[in-house]
Amino acid sequence: MVVQSITGVKPGTDGASRLAARGVTVGYGTRTVIDGLDVAVPPGVVTTIIGPNGCGKSTLLRTLARLLKPTGGKVVLDGDDIARLRTRDVAKKLGLLPQAPVAPEGLTVSDLVARGRHPHQSWLRQWSSDDADVVARALAMTGVSDLADRPVDSLSGGQRQRVWISMTLAQGTDLLLLDEPTTYLDLAHAIDVLDLVDDLHESGCTVVMVLHDLNLATRYSDNLVVMREGSILAQGHPRDVITAELLHEAFGLRAKVIEDPVGDRPLIVPIGRTHVELDRLAPEL
Amino acid sequence: MNGADVRTDQTATRPSLTPGVRLGGVSFVWRPWLAGVTLLLAAGAFLLFCLSIGVGDYPIALPRVVATVFGRGEQVDEFVIMDLRMPRALAGLVVGVALGVSGAITQSVARNPLASPDVLGITSGASAVAVFLVTVSGGTAAAITDSVGLSAAALAGGLGTGLLVYFLAWRRGIDGFRLVLIGISVTAMMQAITTWLLVTADIRDVARAQAWLVGSLDDRSWDEVSLALWCTLALLAVVSCVAFQFKPLHFGDEIAAGLGVRYAAVRAVLLLCAVLLAGAAVSAAGPVPFVALVAPQVAMRLGRHPTPPMAASALVGALLLIGSDLIARAVLPVSLPVGVVTAAIGGPFLVYLLVRANRA
């Protein structure tokens, strides 16, 4: 059984990309981080952007979410140049979760998730019964209904992240952009959050996220975008993309790529300078 | 799948959400506790307002004050109340409301309870200008005082300093911590100028300047009060229109942008309103300290609300100011300016609320 999508429709059946960067150049001040980049987000799948620190992963995600304005090229959302859309209309189509968001102390889970309805509300219409329904569904989809009355700051890191994802879902979007949703989480909580992301994907959401952990990125995405120094090095299904050569080229990392004993994706075993028994590796190198 | 079943169960039991009030196309979130507290604060502010009018050399009983305020009083009372005492009481109300709302805005924008108009240089800038005009005699200073008046010049000084702090703190957006740090630095500079002016000035001018430096409601005229009153009402109208768009900003700029808010514009409008409100308060009563800092914090704790609630902050500000003025006039053996009492009452009350929260 599949959880209903928050909008109640299955999107992306036409196969066309809903969000794409076309020749995007973007940076901070005079420093250009990304120069003339093209990328299309395939609908209905989980796309993860990976790459070494400072390669422009978050910059790309923030540009796709309209937080940064490109100096060249454009971002296209459902056929429209995102820069020409009203901020409010973008917010109805695209949910964004920035890195490590902070809620005011004492704010309850239900009030935080309710804030996700903001793009649909107005001065006179601040809490309609539609809003209440969608918020209840968003809470249920992320499994935090039981926590609705609790203050956000009393929750564990993993629960908190679920609540924030729930808020972006309450926006009524099926296009989610998550900037390092597992930062500051221990492995168990990280897995918990990524399982949730997978549930959302099952329910029809298109997800774009930035992850640091390569093995988690490989396990949980259908489409990897590998970046280095502001441009895309490789893109595709993890099975096709993740190779020892690519890891060396992108990260300067020596690694062995093996079969995941519990999954159908590759597993990356990093090789450092120490604690490695190279003779066990020798036959294959 | 097992996981899917669990989720279906959760959909069945509806989570407890904040209830709403819905009438046709109009709907609001219903927070009974905050609404009750706000109502009680309003009643309290009105009671103190009437008490403040009744107390004086010619005491008037509360029912007669209320009757006169609603236009059904006797002629004798009407003269004393409407012509002599109303300006002072109204000044207390307006200044308290303006400072309360101003503080609620600055603390919310900076996401920092320290960010009050006192810290952001508005009051210290106004004080520096006022003291300059009082102590430097002759020439341009006298010309300015004669043409626009001390209050208006001080107001301009406050606004100028507030905007200076805002532009100095602006670096690809406003960071609350940076705003507070720059505000503190500019405030220190303004206070140094004020001190220097006081030390070098003629002793008689110093006495006049000191009287201005401690906020006071003494001898207010209708002219002074009505200017502050209309300014405050107009600004409150703007604030209530923008306040809804401001709600997501409590979560930071990026979340607000993600929720479809043009945060830079919303924040600029609200900060400008906060600076103007503080300026209106300063022009009517001088730099009354501490109200803008303490009122939103007290309102948050009384109203059990995670962010400074606007209406409750305004009412706590009014209660604090009128109450302090009442105590200064009627309870204490010597008549003190209101600014001395606001800090003496507001400070301990906030400390009490914080300590109680720690123990809970």
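Modeller: Begin with burial: a residue is buried if 20 or more other C-beta atoms lie within 10 Å of its own, exposed if 12 or fewer, and partly exposed in between, with C-beta atoms placed from the backbone. In chain B, buried residues make up 48% of the 360 residues. This is a predicted model, where local features need pLDDT of at least 70, side-chain atom pairs count only at pLDDT 80 or more, and totals for chains, interfaces and linings use all residues. Residues are numbered from 1 along each chain as its sequence is written, while chains are lettered from A and ligands numbered from 1 in the order in which they are written.

Colleague: What radius of gyration does chain B have?

Modeller: The radius is taken over C-alpha atoms, and the globule rule is 2.2 Å times the number of residues to the power 0.38. For 360 residues a compact globule would come out near 21 Å; chain B has 23 Å, which agrees. Its C-alpha trace spans about 85 × 55 × 40 Å along the principal axes.

Colleague: How many helices and strands are there in chain B?

Modeller: Both are DSSP runs, numbered from the N terminus: helices are H or I with at least four residues, strands are E with at least two. Chain B has 15 helices and 2 strands.

Colleague: How do I read a pair of packed helices?

Modeller: Two packed helices are described by the angle between their axes and the distance between the axes. Axes are lines fitted to C-alpha atoms, for helices over the stretch in contact, and angles run from 0 to 180 degrees between N-to-C directions. In chain B, α2 (residues 32–54) and α3 (residues 62–69) pack at about 105 degrees, with axes 9 Å apart. Angles under 35 degrees count as roughly parallel, over 145 as roughly antiparallel, 65 to 115 as roughly perpendicular and the rest as oblique. Therefore α2(B) and α3(B) are roughly perpendicular.

Colleague: Which residues make the contact?

Modeller: Contact means that two C-beta atoms, placed from the backbone, lie within 7 Å. From α2(B) come C50(B), L51(B), I53(B) and G54(B); from α3(B), L62(B), V65(B), V66(B) and V69(B). By class there are 7 nonpolar, 1 polar and no charged residues. Ala, Val, Leu, Ile, Met, Phe, Trp, Tyr, Cys and Pro count as nonpolar, Asp, Glu, Lys and Arg as charged, and the others, Gly among them, as polar.

Colleague: Which helices of chain B do the buried residues of α8(B) pack against?

Modeller: An α-helix has 3.6 residues a turn, so residues three or four places apart point the same way. The buried residues of α8(B) include L179(B), I182(B), V186(B) and M190(B). The buried set packs against α4 (75–110), α5 (122–135) and α7 (150–169) of chain B.

Colleague: How many residues of chain A are in contact with chain B?

Modeller: 42 residues of chain A are in contact with 35 of chain B. On the chain A side, α4(A) gives the largest share, 7 residues. That side divides into 26 nonpolar, 10 polar and 6 charged residues.

Colleague: Is R117(A) buried or exposed?

Modeller: R117(A) counts as buried because it has 23 C-beta neighbours inside 10 Å. R117(A) lies in the loop between α3 and α4 of chain A.

Colleague: What about phi?

Modeller: Most residues other than glycine have a negative phi, and most peptide bonds are trans. Y184(A) is not a glycine, yet has a positive phi of about 65 degrees. Y184(A) is partly exposed, with 13 other C-beta atoms within 10 Å. E229(A), also not a glycine, has a positive phi of about 45 degrees. E229(A) sits in the loop between β9 (223–228) and β10 (231–236) of chain A.
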